[in-house]
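Hello,

My notes follow below it.

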Amino acid sequence: MKQQQQFPRNTARARSLRNSATITEKRLWLHLNKRQRQGFRFSRQIPVGPYFCDFLCREARLVVEVDGDSHDYTVGHDTRRDAFLAANGYRILRFQNDDVRDGLESVLTMI
């Protein structure tokens, strides 16, 4: 198994990201917390290596990202981030804010 490089935990940054969650992230979190998805436990704004994941289920090795308009300008960063996560055994599901706002049930079904 590939040895993962150690990165310092940045709990202050994680806390800041949780406190500044978007409306759509908060809405999705209401349906992911407390093991509501078939008993799987999700956490918010969790660091994996040098990156923070909007939502992470460690036991399913699943990352769920909610992308707003700002992600249109960070395609290169998102590509590197997804490659890093995939190389470390994570599957990534990305949803647009509109997907969560207008089609929450479909998003939850996919998760």
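N88 counts as buried, at 12% relative accessibility. Keep in mind that this is a predicted model. N88 sits in the loop between α3 (75-87) and β4 (91-96). A polar atom of the N88 side chain lies 2.8 Å from the backbone oxygen of F84.

The structure holds two aromatic pairs. One is W29 with F55: the ring centres are 6.0 Å apart and the planes meet at 10 degrees, so this pair is stacked. Planes under 30 degrees apart count as stacked. The pair links distant parts of the chain, with W29 in helix α2 (residues 23-32) and F55 in strand β2 (residues 51-57), 26 residues apart.

Y51 and F84 form a tilted pair, 5.5 Å centre to centre with 55 degrees between the planes. This pair also links distant parts of the chain: Y51 is in strand β2, F84 in helix α3, and 33 residues separate them. Y51 and F84 are buried.

There is also a charge over a ring. R61 lies over the face of Y90, at 4.0 Å from the ring centre.

Last, V100. This residue lies in helix α4 (residues 97-102). V100 is buried, with a relative accessible area of 0%. Leaving out residues up to four places away in sequence, V100 touches T24, R27, L28, V66, F95 and V107. The C-alpha atoms of V100 and D67 are 9.8 Å apart, and the two residues are 33 apart along the chain.

Best regards

Conventions:
Residues numbered from 1 in each chain as written. Predicted model: local features only at pLDDT ≥ 70, side-chain atom pairs only at ≥ 80, totals over all residues. Heavy atoms only, no water. Helix = DSSP H or I, 4+ residues; strand = E, 2+ residues; numbered from the N terminus. Buried < 20%, exposed > 50% of the residue type's maximum accessible area, 1.4 Å probe, protein only. Polar contact = N/O pair within 3.5 Å; in protein donor to acceptor, adjacent residues only side chain to side chain. Contact = heavy atoms within 4.5 Å. Phe/Tyr/Trp six-rings, centres within 6.5 Å; stacked < 30°, edge-to-face > 60°. Lys NZ or Arg CZ within 6 Å of the ring centre and 35° of its normal.
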